[in-house]
Amino acid sequence: MRKTVQLDVQFHQGKTIMDTARTYANLLKVLLEVVQNGIDSGARRIELRVNQQKRTFTVYDNGSGCGVEKFQKALRSLNSTMKDESRYGQFGRGLVAPLSVSEDGFTFTSCEQPHRAPYFTYYFNPKKIEAQSMVKIDGEERPDLSFDADGKVWWRTAVEAKKLTRDRRLAALTLRQLLDEIAIKFGETIRSREILISIAFTDAEGESDAKNVTAPEYNGERLEIADFTGKESGKITLELYLARLGRNGRKGRVVVGTTTNPSRISMPEFMDNARGGLLRSEVGHGLNSGIFEGKILCQNLKLNPDRTRFEDTEALAELCLHLEDWWEKKGKPIMADLREQDDDSRFQRLGTSVMPYAELLLRQDRFKTVAESIQVGTVGRGHAAVEETNILGPDKGTSIGIDGGPFDEKDPKPRKGGGSGEGGKPPPKKDHPKHTPGPVYGPRGHRRTEVMGSSTGLRFAYVEMVNTSIPFTFEPATGTLTFNLDHPDWAKCEDADGALQRYQIAVIGTALSLELYRNGSRAISQELVEFAHAGLQEQVFAIMNGDAMLKK
């Protein structure tokens, strides 16, 4: 008979605790962990104070708190959670996370519900902890603290760290980054429980700011929910929306998670998680483009203890396959259509910003003959009555009208025209003599009516022309200046709003100046057109390089 033995396993507790703490790679991850613990404890209010200049942070929460007995259990369950699956924390590591970013460690102060006292403060010193093979955590009662929901000590738990590491890689953080990450990770719970999370932030230069975390409901157009079921992945649900278009584009965010735990990871984190051939980059970049917002949930994903990625399992691989299939059938066509619409909206917005300049230029004596050659105008709703014989029919597309006279002494601000009965006022009986509606075509606005002999002025249109060598065209009778979206000069300026505005201004001046050289047959010589187009190229060079050269 063979002899059997059982051997004891011992390990150095202090070094193990510090190794566990170091899995939190930077200050942001530590703060997210502390906030998460507050949420898991049922807090309705959480307050963060981060001071990079003084190298400190404190996080307060009014959750259930923690008494001595409960805290002892937490210490004994490091790396094995005391929480159920519905809570964020599942790995029992977060309690010691602040040790990774503080040279002197941190304090944990708490009082358990429903008591007003006692509070106890526990001291976590990294040097002492790492030196002990059997770790003891010192604590003391705090008779100076008594819970008062409406007073100074409104909190049940406070975590405070001083002498944060000077390592920029660990301590680098901005207020915006912290606000965004908290909203991404915990947004659903913040909304459902109406948790107030406030942040007071002082940067390394001493500049201070304070903001509340906002995690609004998805308010874009809801897409059809996509459900899949895989052998390894279990149920997969894509609950996505089209993010609203703002002045700076669409800023939607997509998060990924499991159906059994509220933890979420951002799409950039998921893309990093799925690199190496699991997920085509096109799919990840599309979902992270800002066009989409919402959540992707997979039943059998296994969250990694650092909560920034999932374990590399068959469930993850199967999820990626379903995402690629959805992208080809649904996501990719949606993105292509929406990007075209967004470009149209942007071009229209920028066109309305430069139209006042164009109308002012057209009123200069030099361009009087150009203005007089424009015979076809447009009128919108609420316009003075037009004789039926002068009505030509509906305009070619929707537009926003920039009412003429933007730089008149009595009206220094541009006015958007085309409205009907603004403020309940009836349409005027007679058109203003200087009325130049200045329509800018695009997806927004209304379809106006073309008329002869009144409400004339410039119009802007944006078209992908077959001939990519022509930067613009101008129709003298209607005053329509059409910008060629496929011309190389447009492409050079397209990425920046300021450059595109300056380019349109340059085109306006070039187009109006060319009109002065129409001959008796109303034609402009080809040589002159080519000369003007070449001059426009030089202006584009100045637009793209002038600012940089002037700074030298």
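This is a predicted model: local features need pLDDT of at least 70, side-chain atom pairs count only at pLDDT 80 or more; totals for chains, interfaces and linings use all residues.
Let's start with the strands. The model has an open sheet of eight strands, and reading across it gives the order β5-β4-β3-β6-β2-β1-β7-β8, with mixed pairing. At the edges stand β5 (138-142) and β8 (208-212); each has a single partner strand, so one side of each has no neighbour in the sheet. From one strand to the next, the twist averages 10°.

Within this sheet, take a look at β2 (residues 56-61) and β6 (residues 157-161), which pair in the antiparallel sense over five bridges. Here tyrosine 60 stands opposite alanine 158 in β6.

## Helices across the strands

Helix α3 (residues 68-76) lies across β3 (106-110) and β4 (119-124), and runs at about 25° to β4.

Another helix, α6, lies across β1 (45-51), β7 (196-202) and β8. Its direction is at about 170° to β7.

## Where two helices meet

Two packed helices are described by the angle between their axes and the distance between the axes. For α2 (residues 27-40) and α6 (residues 175-193), the angle is about 15° and the axes are 10 Å apart. That angle makes α2 roughly parallel to α6, because angles under 35 degrees count as such. Their crossing is right-handed.

Which residues of α2 meet α6? They are Leu28, Leu31, Leu32, Val35, Gln36 and Ile39, and on the α6 side the contact includes Leu178, Ile182, Lys185 and Phe186.

Key
Residues are numbered from 1 along each chain as its sequence is written. Side-chain values use heavy atoms; hydrogens and water are left out. Axes are lines fitted to C-alpha atoms, for helices over the stretch in contact, and angles run from 0 to 180 degrees between N-to-C directions. Helices (H or I, at least four residues) and strands (E, at least two) are DSSP runs, numbered from the N terminus. Angles under 35 degrees count as roughly parallel, over 145 as roughly antiparallel, 65 to 115 as roughly perpendicular and the rest as oblique. A crossing is left-handed if the near helix is turned anticlockwise from the far one by less than a right angle, and right-handed if clockwise. Contact means heavy atoms within 4.5 Å. Two strands pair if DSSP finds at least two bridges between them.
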